[in-house]
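Please examine the structure shown below together with its sequence. The briefing that follows is arranged by topic.

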2 protein chains.
Amino acid sequence: MNIYDIAKLAGVSIATVSRVINGKENVSEKTRQKVEGVISEMGYTPNVFARGLGLGSIQMVGVLCSTVSDLFYARAVATIESELRTLGYDVILCCTGNDVAEKSRYMQLLLSKRVDAMILVGSIFQERTSNEHIAQAATQVPVILVNGSLDIPNTYCVFCDEEGAVYHLVRALAAENRREILYIENTENYASLSKWRGFTRGCADYNIFHSPALTLQVPKDADAVKERVGRLVDSGVTFNAVVASEDLLALGALKALQNRNLRIPEDVAVVGFNDSILCECSSPELSSVDNKVDDMCRRAVATLLELIRGRNPPTRTVLTPEFKRRGSF
Amino acid sequence: MNIYDIAKLAGVSIATVSRVINGKENVSEKTRQKVEGVISEMGYTPNVFARGLGLGSIQMVGVLCSTVSDLFYARAVATIESELRTLGYDVILCCTGNDVAEKSRYMQLLLSKRVDAMILVGSIFQERTSNEHIAQAATQVPVILVNGSLDIPNTYCVFCDEEGAVYHLVRALAAENRREILYIENTENYASLSKWRGFTRGCADYNIFHSPALTLQVPKDADAVKERVGRLVDSGVTFNAVVASEDLLALGALKALQNRNLRIPEDVAVVGFNDSILCECSSPELSSVDNKVDDMCRRAVATLLELIRGRNPPTRTVLTPEFKRRGSF
DNA sequence: TTGAAAGCGCTACCAT
DNA sequence: ATGGTAGCGCTTTCAA
């Protein structure tokens, strides 16, 4: 069943059927009715590939993240998918992992599938060395970065001022005289760089001497953190606050501390990042910096929409995080 | 840059270029080398749509779930995506929500995009009334159900014996003389039916009288559960075990109980379902039934592979869950 | 408002 | 082993 069949059955030319399918104006109401009748009667669906051949697109956007089994990315992808769908776009999901070569390969793959745009979720996509693969992709289609920032032509960034968030967090801690802060970060994550910047700036401005012994670089694994923090406590190192670059890490620390009979938040305040579902799982519940995933994603898609419409959206959109105070601080 | 350009530059016909692109045998090594040289030199990528037009496929599989921001689905989608990619397939992600009409619409959409197959993740896709939309889709492409079971032609199911898991769980509880079991389930979830079957069967076989007051139907929200369970306790209802159809629900119950100064597991044992990351967030850590998401997903893709290869894979693949015992029981 | 016909870039069949 | 060419099903001019 193709456009020729429909044309024949409706007694018109394929050009007219095409016009009806694409909702063009220049078709008489009578003809339109007739063609639409035949189409729905036959349950006809235009062939996307033939259509894509002519138009160069089949309305698909590539969405990349390191892994969608991560809470943050899952939520982001869910929001992006739903927003894009309202615009009539499908999402091709790519979980790239952390390897640069892989990321690059995936982007090539997406280009070869002729996606209309690419959305990269997470600062994972910012390499310290070179971002040639992104620049290269951006020459073909617009690239949107969610929670990342890169100055590349045809690349649009939506992110949260995480540096500011941590800065203000340090201030709040200092205000309650919590000046021995254990800082836990995940080395795999590039965004932690800006968090760290906010942290050191906060320490400088609020006269906190941060001992190197109070910085932990850990894998993204609650148990590993628990063990590391436990050892730290056992070794006699003291602190009265914990700031972690991820809720999961904060939770690991929290459990280690409770294990050592330290009271949260009386003895040690604990703060996480992302305001994930995990926050409500501990007792006391975990305070966390909400970096506005949903908002970022909505903004990202809105930016895409403007691009499609031929407008000129902002190259960078910066959102303000919100500190969600719960029992742990 | 198209196949004609490459042909011209390589001094061969487009037919030969096509053969090289598709790795056909009947091309001399010399010609192949030459063509491949030109292709990589020019950075040429075949047009997928033209290709799809000829072949009727561009190697894409539709993956549907209710929402990918759910831990279970996120993990499933991640596994499926990675497995499919090794086979050279891309994933079109569809988060359908719970509405039947929507689900049906998404499946139509995927069909119109000419996906090679569809994978439905979660028993969400089993309607009580009719599954015509699935049957209809299955007439066009193979449909794989992950964690669901439906007897429809061209539909293949991979699931876990959750009924058995709950049955054995009841037995284990009974063995420790925990016979007053609070059963918490999420009504939105169809799979809970088989869990419930396992529960009642277990109660029958191990001489447990299960009072209707000890069955809670709740939304998928920890806070709501916490509140409901709290009220239950306050109203004087007693029990010494909790079985929940999801970790999140179990966690809500656990917090409510700890709030009322009940000791876990001494006073009340708590068991969840899915063995998610949430289990390690509570103290004591949550015991849970591992329904083998990853295995199910891998099996699903393996089934797909067999179908592609023209073999005849099993219509139903049943896996055995594993009880993960932790501190809460 | 409608139709005829020329692509779009590829695959696959038939010759050679 | 290689080339010629007829589709594949649609969109989009250009004419009428």
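Which residue in β2(B) is the bridge partner of A:Val91? The partner of A:Val91 in β2(B) is B:Leu93. This is a predicted model, in which local features need pLDDT of at least 70 and side-chain atom pairs count only at pLDDT 80 or more, while totals for chains, interfaces and linings use all residues. Residues are numbered from 1 along each chain as its sequence is written, and chains are lettered from A and ligands numbered from 1 in the order in which they are written.

**Strand β2 of chain A**

- Helices (H or I, at least four residues) and strands (E, at least two) are DSSP runs, numbered from the N terminus.
- Two strands pair if DSSP finds at least two bridges between them.
- Strand β2(A) runs antiparallel to strand β2 (residues 90–95) of chain B, and three bridges join the two.
- A:Ile92 has B:Ile92 as its bridge partner in β2(B).
- Within chain A, strand β1 (residues 60–65) pairs with β2(A) in the parallel sense over six bridges; the bridge partner of A:Gly62 in β2(A) is A:Ile92.
- From β1(A) the chain crosses through α5(A) to β2(A), and this β-α-β crossover is right-handed (with the strands pointing away from the viewer, the path from the first strand over the helix to the second runs clockwise).
- A residue is buried if 20 or more other C-beta atoms, placed from the backbone, lie within 10 Å of its own, exposed if 12 or fewer do, and partly exposed in between.
- Because six of the six residues of β2(A) are buried, this strand is largely enclosed by the rest of the structure.
- In a regular strand the side chains alternate between the two faces of the sheet.
- In β2(A), the residues A:Asp90, A:Ile92 and A:Cys94 point one way, A:Val91, A:Leu93 and A:Cys95 point the other way, and all are buried.

**The contact between chains A and B**

- Chain A contributes 34 residues to the contact and chain B contributes 33 residues (two residues are in contact if their C-beta atoms, placed from the backbone, lie within 7 Å).
- On the side of chain A that touches chain B, at least two residues each come from α4 (48–55), α5 (71–86), β2 (90–95), α10 (222–234) and α11 (247–259) of chain A.
- With six residues, α5(A) gives the most to this side of chain A.
- The residues on this side of chain A comprise 17 nonpolar, nine polar and eight charged; Ala, Val, Leu, Ile, Met, Phe, Trp, Tyr, Cys and Pro count as nonpolar, Asp, Glu, Lys and Arg as charged, and the others, Gly among them, as polar.

**The surfaces near the DNA strands**

- Around DNA strand C there are 25 residues, of which A:Ala15, B:Ile3, B:Ser18, B:Ala50 and B:Gly54 come nearest (a residue is near a molecule or strand if its C-beta atom, placed from the backbone, lies within 6 Å of it).
- The largest share of the surface near DNA strand C, five residues, is supplied by α4(B).
- DNA strand D is surrounded by 25 residues, the closest being A:Ile3, A:Ser18, A:Ala50, A:Gly54 and B:Ala15.
- Near DNA strand D, α4(A) gives the most to the surface, with five residues.
- By class, the surface near DNA strand D has 13 nonpolar, eleven polar and one charged residues.

**The nonpolar core**

- The largest nonpolar core has 187 residues, and those with the most contacts inside it include A:Val63 and B:Ala253 (such a core is a set of buried Ala, Val, Leu, Ile, Met, Phe, Trp, Tyr and Cys residues joined through C-beta atoms within 7 Å).
- Not counting residues up to four places away in sequence, B:Ala253 touches B:Ile184, B:Val225, B:Val229, B:Val242, B:Ala244 and B:Val270.

**Backbone exceptions**

- Most residues other than glycine have a negative phi, and most peptide bonds are trans.
- The peptide bond from A:Ser283 to A:Pro284 is cis, with omega near -5 degrees, and A:Pro284 is found in the loop between β9 (269–273) and β10 (287–290) of chain A.
- A:Lys292, which is not a glycine, has a positive phi near 60 degrees; A:Lys292 counts as partly exposed because 19 C-beta neighbours lie inside 10 Å.
- B:Asn177 also has a positive phi, of about 60 degrees, although it is not a glycine; B:Asn177 counts as exposed because 9 C-beta neighbours lie inside 10 Å.
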